[in-house]
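Trainee: Could you walk me through this structure and the words used to describe it?
Mentor: Gladly, ask away.

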Amino acid sequence: MQALLAWAKDVSKLRPITDPLGLVPAFENESNLPMATFNYWYDQTITAYGGDGALRIDIIDSLLVPGLNVEINSVDPGQVRISGTPEKSGDNYLYLRVVDADGDAAWQVFYLPVAGDPYTLFHLD
């Protein structure tokens, strides 16, 4: 019986994501990140802002070419860094969520193209 009462108490705290408790956080960066180039160092920081209190970014999923890495900033969990030297060209995606202190959240998919390969002399957009 205690388990059922505990469950009922937990369920009563649930709310739809469309019903925020306060200010909703967001991402500063545009969805389309600056292009990376094959075999050249890339470094980009994705930053969250707004909301109520401390922010935390979660990496929901990522699809990255070999050589690129994504990591949450250990000092500021409201920032994510994507960096590395892409070992091939291709489309890259990051699916991130930012959550503030009262549980309000926002999601965004980021796109990062990598251009070039060993046989490319130049790239035109």
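Trainee: How many nonpolar, polar and charged residues are in the lining of the largest pocket?
Mentor: The lining has 7 nonpolar, 1 polar and 3 charged residues. Here Ala, Val, Leu, Ile, Met, Phe, Trp, Tyr, Cys and Pro count as nonpolar, Asp, Glu, Lys and Arg as charged, and the others, Gly among them, as polar. Before we go on, this is a predicted model, where local features need pLDDT of at least 70 and side-chain atom pairs pLDDT 80 or more, while totals for chains, interfaces and linings use all residues. Residues are numbered from 1 along each chain as its sequence is written, and side-chain values use heavy atoms, leaving out hydrogens and water.

Trainee: Which residues line the largest pocket?
Mentor: Among them are Arg 15, Asp 19, Gly 103, Asp 104 and Trp 107. Lining residues have an atom within 4 Å of a point of the pocket, which is an open set on a 1 Å grid over the protein atoms alone, with protein on both sides within 12 Å along at least five of seven lines.

Trainee: Why is the pair of Phe 27 and Phe 110 called edge-to-face?
Mentor: Rings of Phe, Tyr and Trp (its six-membered ring) pair if their centres lie within 6.5 Å; planes under 30 degrees apart count as stacked, over 60 as edge-to-face and the rest as tilted. The count comes to 2 aromatic pairs. In this one the centres are 5.4 Å apart and the planes stand at 85°, so the pair is edge-to-face. Phe 27 belongs to strand β1 and Phe 110 to strand β8, 83 residues apart; strands are DSSP runs (E, at least two residues), numbered from the N terminus.

Trainee: What makes Phe 110 buried or exposed?
Mentor: Buried means under 20% relative accessible area, exposed over 50%, partly exposed in between (1.4 Å probe, protein chains only). Phe 110 has 1%, so Phe 110 is buried. Phe 27, with 8%, is buried too.

Trainee: Why is the pair of Tyr 93 and Tyr 111 called tilted?
Mentor: Their planes are 45° apart, with 5.4 Å centre to centre, and that makes the pair tilted. Tyr 93 is partly exposed at 35%, and Tyr 111 is partly exposed at 24%.

Trainee: Why does Leu 64 count as partly exposed?
Mentor: Its relative accessibility is 23%, so Leu 64 counts as partly exposed. Leu 64 sits in the loop between β4 and β5. Leaving aside residues up to four places away in sequence, Leu 64 touches residues including Ile 82 and Tyr 93; contact means heavy atoms within 4.5 Å.

Conventions
Helices (H or I, at least four residues) and strands (E, at least two) are DSSP runs, numbered from the N terminus. On a 1 Å grid over the protein atoms alone, a cavity is a set of points where a 1.4 Å probe fits but cannot get out, and a pocket is an open set with protein on both sides within 12 Å along at least five of seven lines; lining residues have an atom within 4 Å of a point.
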